[in-house]
Amino acid sequence: MQEHFDTNSASAARRALVVTHARIDVHSDVVNQVKTQLIKAGFVVDIFNSASVSDFAKKTTRIVDENTEIVVVLGGDGTMLQAAELVHCTTVPIIGINLGHVGFLAEFESFQINDAIRRIANKDYTIDRRMEAHVDVWLPGESEPLSDWALNDITLDREDRGRMVELSIRVDDVEMSSFGCDGVIVSTPTGSTAYAFSAGGSIMWPNVEALQLVPLAAHALFARPLIIGAGSTFTIDILNESSSGGWICCDGRRQRALPQGSRIQVRQSKDELLLARLSGAPFTKRLVTKFDLPIVGWREHNNNSLN
């Protein structure tokens, strides 16, 4: 993974890491603004900028120092997922300032930077614990699995774009269905508002401990989204007779091809992401705001127009 770190060498008791989107120059005005304000607040500041993705099951070459107080993310949800890799298996929280599009995971918008840094410096935030998913992949003939994780979702697509991948779906080792499809998405509650939502999955509130499986263009009568509890496991087999192998990807960042005969198991991870929250607004409010939901129905609009 190619990385860029720019470190302020001043001595201080507090440390912060600023993670930027790959298209944001580390010397840009917005990065300098955040860095300068954090330094004034007494932080030693590191800057991380990278666009690289890595192979599935490959451990991240660099994680945030355990002494880091907070990770400040400048970008959209993709940059937040990159930051989640850096803090994985640590207790360091992350907070997002949205410079992207929807920015569902971000807490503040770009015009609120001054207020965000002030709140961070005063530790005026709460911690939201987000569930992660753990995935084990058994390749044909192998006795040990390849393991990875995801904050948002694990996707299993067809490797051959011109063919379907044939899958068998089990829950707690009980076969529920098998079908040819473009693939499936297994999402956490955090990821339920992302790819899974676009594919017709349900929105799950972040405090729900569950996993959701959403089929993609499945050729089957029973191919509806499935939601299982925290103690359950999805098992997905790529059938030996499938005309295509599979392609697995975690959070859109760590991926690899899977041959026919591979088995994928997804369950709740023992690890969690710590997401710093500056606002006490409930998730429902965020949902309405970010998706600009039409809270007034067409009947009410029609009634108002008649008055």
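## Exercises on helix packing and burial

In this predicted model, the buried residues of helix 2 are T79, M80, L81, Q82, A83, A84, E85, L86 and V87.

**Exercise 1.** Decide how far helix 2 is enclosed by the rest of the structure, and state what follows helix 2.

*Solution.* Begin with the burial count: nine of the eleven residues of helix 2 are buried, so this helix is largely enclosed by the rest of the structure. Then pass to C89, which follows helix 2 and has a positive phi, near 70°.

**Exercise 2.** Describe how helix 1 and helix 3 pack, giving the angle, the handedness and the residues in contact.

*Solution.* Two packed helices are described by the angle between their axes and the distance between the axes. Helix 1 (residues 29-40) and helix 3 (residues 113-121) pack at an angle of about 30°, with their axes 10 Å apart. Because angles under 35 degrees count as roughly parallel, helix 1 is roughly parallel to helix 3. The crossing of these two helices is right-handed. On the side of helix 1, V30, Q33, V34, Q37 and L38 take part, and they meet I113, N114, I117 and I120 of helix 3.

Note on methods. Residues numbered from 1 in each chain as written. Predicted model: local features only at pLDDT ≥ 70, side-chain atom pairs only at ≥ 80, totals over all residues. Heavy atoms only, no water. Axes fitted to C-alpha atoms, helices over the stretch in contact; angles between N-to-C directions. Helix = DSSP H or I, 4+ residues; strand = E, 2+ residues; numbered from the N terminus. Parallel < 35°, antiparallel > 145°, perpendicular 65-115°, else oblique. Left-handed = near helix turned anticlockwise from the far one by under 90°. Contact = heavy atoms within 4.5 Å. Buried < 20%, exposed > 50% of the residue type's maximum accessible area, 1.4 Å probe, protein only.
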